[in-house]
Amino acid sequence: MLRFLINRLMLLVPVFIGVTVVAFGFIRVLPGDPVEVLAGERGVSAEKRVEILANLGLDKPVWQQYLTYLNDVLHGNLGVSVKTNRPVVEEFFELFPATAELAICAIIFAVIIGVPAGIIAALKRGSKIDQGIMGISLIGYSMPIFWWGLLLIILFSNTLNLTPVSGRLSFLFDVDPVTGFMLIDTLLSDEKGSFLNALHHLILPTVVLGTIPLAVIARQTRSAMLEVLSEDYVRTARAKGLSTFRVVTIHALRNAMITVVTVIGLMVAILLAGAILTETIFGWPGIGKWIIFSIFARDYYAVQGGLLLIAITIMTVNLIVDLLYGFINPRILHQKNKS
Amino acid sequence: MALLEIANLTVEFATATGSLRAVDGINLSVDEGEILAIVGESGSGKSVAMLALMGLLPWTAKVSADSMLFDGQDLLSMDDRQRRKIIGKDISMIFQEPMTSLNPCFTVGYQITEVLCQHFGGSRRSYNNRAIELLHQVGIPAAETRLNAYPHQLSGGMCQRVMIAMMIACQPKLLIADEPTTALDVTIQAQILELLIELQQSHGMALILITHDMAVVAETAEHVVVLYAGQQVEQRSVKELFKSPQHPYSEALLNALPERAQEKLLNAIPGVVPGQMDRPKGCLFNPRCSYAQEMCRQQPPELRDGILCHYPLAMPNPSMRKDPDLDVRTQ
């Protein structure tokens, strides 16, 4: 197990270096620089501009900037935001819980509905139910997030007046940010009704962000189940006189989950990308909204630091998924031990 | 009264090109503690007939029979829930591919104790000792440590032993072994067969052995049913069949045994079992039968004394034979 973990971590080194190059290069490819954006329409004199750029360390050749950046990163220093003058790491971790909360809720929503839907579709293969589930999931998968979010806001917030339009919590409540996760913080505080209010705010963003993962998980579960249900060991399980429910949920699902878990791991990247749109639509104060804002401001340090931290998050989740495999599928663990 | 009585069992599969009759009117009966062999080439419906008995066929299969009685209970009129109380407990079945027939995600111990919990209730842990005892019975060394092994850590022969342990766990009255040795090494084949026979005798259970190996039939079974293209062509005691096969197909199967080869070449039966599209008119075996007459090509034969043939070999009528020298009974 330990060896498996070390092997996986070694593989992350080249990925990490690649990510720093991309994060560093990406924002510099865009036209404009932070000083121009800061100065706005009033403009700034050429001498002053050179001075500010020198202060920010942006006057040196690009390769030198990159080496300085890499050196800083390896020392755990992601720089200071040009816009707010606060350390990037501090800003990131202040906003991260909001995105994490939304992403976790979205993935739970997607799994709770997607996996059973996929199982039912596989069991009723070829029937109207199967076609219905697959049809709906295809629509869900194809629906642009911003459009879907606006449609839901129009229906549930404007017309039916059931859900709030934006934000994480009503202004009527005053909750101390202990963990940054609103659902936990509201439970800890003694403001009555604040938990339900936070939950209320979460519903629409969760549905919007979870729609694509839900569709992918449902389709993946269906195809994995179809494959597994025709395996010999499923016939054996039935020959033992087990109930259909037990055959499906214990013997078949455990094997089908191996591929489904991979997909769920890959979904994390899609969730963080989707969070950028979802957070913008719902005014959700998270990483997605922050990174968009930083890109518009050409805040080099915030963008390159933020992208790196997002990439690290995704790598960590994928590592956890790899480890989870071992528990779901004993064959992988034994293979790794042998090598 | 026989333990298992099946009359006129027919299984049809709905396919895109029409219905395919995989099993066509099979009758068989098995007494308590008896060994019955079912033989025939691939595609002759051996496995499908037994899967139909177990209720394990996919939903595209349509099973019908005049009667299907097990231990006095009518399997046909049962719903799935009632049938599940019998299969795995009183009737159980082991399959051809031991490596893929065990679930790769669960330990050997889990899979054995699961079947005991299912039929007798209680916690899985309470059956650990029983599982160890079963693994001992099927000849697995160091059974205590094997309980925590996964199927991929065992060899094919070991997996088949585990499978047998799992299926005799509830002391079934009838065990169906569907080509239990086909996927195994030759040396292991003999061991597994010996084990099955030993268990059959010590437990006094009936055994249905599906095989295409006539040598296995000779060594083990008391009665034999010969299937061809889903039809039962001959049913007799093994001794009689080996002494004087009455259906040309049975005879051809016996001739295909390596011991009976007269020259370097084995006596293979030309052609293959007909499928859905190439069913011949008349007797289904006629294109491959060396005795076929005009009658055989025109009219399907009727079952007489358990033999499905216009001209059974036991009633010799040399004038109607094309080549009487082919008759090997004289050997």
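pLDDT is the predictor's confidence in each residue, on a scale from 0 to 100. The views below show a predicted model, in which local features need pLDDT of at least 70 and side-chain atom pairs count only at pLDDT 80 or more, while totals for chains, interfaces and linings use all residues. Residues are numbered from 1 along each chain as its sequence is written, and chains are lettered from A, with ligands numbered from 1, in the order in which they are written.

**View 1. Confidence along chains A and B.** Chain A averages a pLDDT of 85, with 98% of its residues scoring at least 70, and chain B has a mean pLDDT of 85, with 95% of its residues reaching 70 or more. Within chain A, confidence is lowest in helix 14, at a mean of 64, and highest in helix 6 (residues 128-142), at 93. In chain B, pLDDT stays under 50 over residues 317-331, a stretch for which the model has 14 contacts beyond four places in sequence; two residues are in contact if their C-beta atoms, placed from the backbone, lie within 7 Å. Where pLDDT is low, the predicted coordinates should not be read in detail. The model as a whole scores ipTM 0.85 and pTM 0.80.

View 2. The secondary structure of chain A comes to 14 helices and zero strands, where helices (H or I, at least four residues) and strands (E, at least two) are DSSP runs numbered from the N terminus. The C-alpha trace of chain A spans about 85 × 60 × 40 Å along its principal axes. Chain A is divided into domain 1 (1-83 + 297-339) and domain 2 (96-288), with bounds that come from an automatic or database domain assignment. The centres of these two domains, taken over C-alpha atoms, are separated by 29 Å, and 10 residues of domain 1 of chain A are in contact with 10 residues of domain 2 of chain A. The side of domain 1 of chain A that touches domain 2 of chain A has seven nonpolar, three polar and no charged residues; here Ala, Val, Leu, Ile, Met, Phe, Trp, Tyr, Cys and Pro count as nonpolar, Asp, Glu, Lys and Arg as charged, and the others, Gly among them, as polar.

**View 3. Helix 7 and helix 11 of chain A.** Helix 7 (residues 145-159) of chain A packs against helix 11 (residues 244-282) of chain A at an angle of about 30°, with their axes 9 Å apart. That angle makes helix 7 of chain A roughly parallel to helix 11 of chain A, since angles under 35 degrees count as roughly parallel, over 145 as roughly antiparallel, 65 to 115 as roughly perpendicular and the rest as oblique. Axes are lines fitted to C-alpha atoms, for helices over the stretch in contact, and angles run from 0 to 180 degrees between N-to-C directions. The contact is made by A:Ile145, A:Phe146, A:Gly149 and A:Leu150 of helix 7 of chain A, together with A:Gly274, A:Leu277, A:Thr278, A:Ile281 and A:Phe282 of helix 11 of chain A. These contact residues divide into six nonpolar, three polar and no charged.

View 4. The axes of helix 5 (residues 88-123) of chain A and helix 13 (residues 300-328) of chain A come within 10 Å and cross at roughly 55°, which makes helix 5 of chain A oblique to helix 13 of chain A. In this contact, A:Val88, A:Glu91 and A:Phe92 of helix 5 meet A:Tyr301, A:Ala302, A:Gly305, A:Gly306 and A:Leu309 of helix 13, and the residues divide into five nonpolar, two polar and one charged. Helix 5 of chain A also packs with helix 9 (residues 194-229) of chain A, at an angle of about 35° and with the axes 6 Å apart. The residues of the contact between helix 5 and helix 9 of chain A divide into 24 nonpolar, six polar and two charged.

**View 5. The side of chain A that touches chain B.** Here, 19 residues of chain A are in contact with 24 residues of chain B. The largest share of this side of chain A, seven residues, comes from helix 10 of chain A.
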